[in-house]
Amino acid sequence: MKNTKWYLLVVVMLLGAFALAACGGGAQEAAPTEAPAEVAPTEEPAPEPTEEPAPEPTEAPAPEPTEAPAEETMALASDTSKSVFALLSENPDFSTLSEAIATAGLEEPAADAPVTLFAPTNAAFEAMDPAMLERFTADPTYFLQFLTANGAVKSADLGDRIDTVAGEPLDLTAVNVTTPDVEGSNGVIQVIDTVAIPPTIANAVRAEELAAEGTPVIRIWADNTRRPALEQIEPAFEEEYGVELLIEEVGFGNIRTNFLIAGPAGEGPDVIIGAHDWLGELVASGTLAPVDAGDLVDQFTPASINAFTYDGELYGLPYATENVAFFINTDIVPECPATWEEVYQISADIHAADPTKYGFVRMEGDPYHFYPIQTAFGGYVFGRDENGSYDPTQVGVGDEGSLAAAAWWERMVTEGLQPPAVTWDIQHEMFEAGTSAMQITGPWSYQRTVDSGIPFAICNIPSETAEGKPFLGAQGFMISAFSKDPVLAQIFLTEFVASEEFQQAIFDNGERPSAFLPVLEKTEEEWLAQFGAAGVNADPMPAIPEMSSVWEAWGNAIVLVAQGADTAQNAFTTAQQQIITAIGE
C-alpha cells in the first residue's frame, strides 16, 4: 500500500510537469513554478507606458486654450510707469488693437494731455462683421479716434455717452466695460467687449444698402444743439417723400474738417449744418453745391442771406445769426448812446467824477470787437466787387475811416479813459462789478451779465460818420457737391428747412437770434430780439481765404495803440501794408 501511494504521487508529478512543459515551452521548465510570484513585475511596467504618458498629452494642453486668455486679460493692470499704448502692446489679448495703433501711426498722448482709450479685446474684433473688420484693418485711424476721448475719465464718471476725438459721441449704453480704470502714465484704459463703430461710417454702409433696395436716403450731419429740431421734422419728411432721413451727430467744430475728407471719398453726408465763414474753404475745395432758393430768400434777414452768398452764388439757407451789441449799465447810462462822440463824453464825465470808475471799456486788442467802432467812422476790412462779394484787392484797414476810428481809440487811451492791460475777462468783470458802464460783447455773455445782478440794456452799435455795424456770423444748411441725391437734398432745404415750423423748432433749441424773419419778428425773448436788431445790417464775417492774412496785423495795430507804443496813424498804416504783403505771398 505504501509503495502504491508513492507510485501514484510520482505519476501525478510527472503529469503536471508534462502539462506545464506543453504550455510554457520545453526550455522554461523552472520558470512556471515561480511565474505566479513574478506577476507583479510583469504587469507593473504596462501602466508606465500606457497610463502615465496619457495625462501629459490629454490633460496638460487643455488649460492652455481655455484658461490662458482669461489670465492674459486679467493681467492688464494699472502701471503709471508705462503709457497706455505700452500697456496694450505688452498684452497679447490686445494685439489687434496695438497693430491698428501702429498702422495708424498714432502718437502717444502727452502726460499733461491724458486720454481715455476704450480698448476692445481681440475677441471683440473677431466678432466684428467681416466687411467692417476689413475696413478697419485697411484704415483704422478714424475708428481709433472714435475710441478715444480727451481727459482721463474714470468709470464712475462715465455717463451714457462721451465726446470723442473723432467728433462723434460714443454711445456707452451699446458697449460693456469689462475691465475698468486701467491707469497708465498718460491716461486710462476702459476695456470693452465690443468694437464701437462710428455712426457716420455705419450710416454710410446703411445708406448704400437702402439705396440698393430702392429707398431714397438723405444723410445730415448736425451737432447736439441742432439735432433735436431735425428729429422733430424727421417723421413728416420721411412720410411725405418716402425717404429715410439719417441724422448723424458730429461736433460743430468737427463737421467741416471731417466733411472735407468724407465728402470727396463718397462717404460724407448730403447736408451739413455749419457756419457761413466756412464757405471760402468749402467752395474752393469743390465740396459744396449752390442752393436754388428762389423767392424764399425774402423770408430771411438780408444780412444772413449775404453771409451765405459767395462769388454771387447762394451756398446755404441760414437759420440763426450772432453778432455783438452795445451793453450799458442803466444805473449809470440810462439811455443808449447814439454816437461814439457821445460815448467819449460819457466816459470822460464818469472818470472825472471818480478816477476809479470808467465809462466805455474794451480789451486791448481783438479786432473782431473793434470792427463795430471802425465801421461807424466809415472804415472797413475789404471792399466789395460789383456782385457785392468781398474783394481782397481792396484792403481798408488803413483807409481814412479806419484811421479816424483808430484816432478815436487813441484819444480814449491817452486821456486815461481806458485802464491798462484789459483782457476779455477783465472787461466783463469790470462791467459786472459796476466799475465800467459800457462794453461791446455778444450773446455768449448774456447769462453771466444777468447773473451779476446789475441792471443793463442791449443797444445797437453807436454810429458816427456812418452806421456802426458789427461782424455777423450765420449758421445754416449746406448741400454737399457729392450728395447721392442732390435734388432731394434741395427739396429738404426749400420745403422743410425754410418752413416756419422747423425754423421755430431750431430757434427754440439754441440761444441765437433767428435768421428767419417770421420767427425773428415774434421772438418773445427781448434780449434775443435786441441782438437781432443790432445785427440786422451787420457785415458778414468775410469767408474768403485772404481773411486769414488780416487778423494778426490788424490786431497788433490795435494793441500798439492801446499800449501807447505807436500812434494810431502809423500803427494802422503799417498794418495795411503788412496785410497787402501777406495776401500777395
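**Exercise 1.** What is the strand order of the open sheet of 4 strands, and what is its pairing?

*Solution.* The structure is a predicted model.
Step 1: the order across this open sheet reads 2-1-6-5, and the pairing is mixed.
Step 2: the edge positions belong to strand 2 (148-150) and strand 5 (177-184). Each of these two has a single partner strand, so one side of each lacks a neighbour in the sheet.
Step 3: on average, neighbouring strands of the sheet are turned by 20° against each other, direction ignored.

**Exercise 2.** Describe the packing of helix 18 against helix 19, and classify their relative orientation.

*Solution.* 
Step 1: helix 18 (residues 367-376) and helix 19 (residues 400-414) have axes 8 Å apart and pack at an angle of about 115°.
Step 2: angles of 65 to 115 degrees count as roughly perpendicular, and helix 18 is therefore roughly perpendicular to helix 19.
Step 3: the crossing of helix 18 past helix 19 is right-handed.
Step 4: helix 18 contributes Phe-370, Ile-373 and Gln-374 to the contact. On the side of helix 19, these residues meet Gly-401, Ser-402, Ala-405, Ala-406, Trp-408 and Trp-409.
Step 5: sorted by class, the contact comprises 6 nonpolar and 3 polar residues, with no charged residues.

**Exercise 3.** Which residues of helix 20 are buried, and against which elements do they pack?

*Solution.* 
Step 1: buried means under 20% relative accessible area. In helix 20 (residues 424-433), the buried residues are Gln-427, His-428, Met-430, Phe-431 and Glu-432.
Step 2: the strands against which the buried residues of helix 20 pack are strand 14 (325-329), strand 15 (358-360), strand 18 (436-441) and strand 19 (456-459). Helix 21 (446-452) is also among their packing partners.
Step 3: after helix 20 comes Gly-434, with a positive phi near 80°.

Methods:
Residues numbered from 1 in each chain as written. Predicted model: local features only at pLDDT ≥ 70, side-chain atom pairs only at ≥ 80, totals over all residues. Heavy atoms only, no water. Axes fitted to C-alpha atoms, helices over the stretch in contact; angles between N-to-C directions. Parallel < 35°, antiparallel > 145°, perpendicular 65-115°, else oblique. Left-handed = near helix turned anticlockwise from the far one by under 90°. Contact = heavy atoms within 4.5 Å. Nonpolar A, V, L, I, M, F, W, Y, C, P; charged D, E, K, R; others polar. Buried < 20%, exposed > 50% of the residue type's maximum accessible area, 1.4 Å probe, protein only. Pairing = 2+ DSSP bridges.
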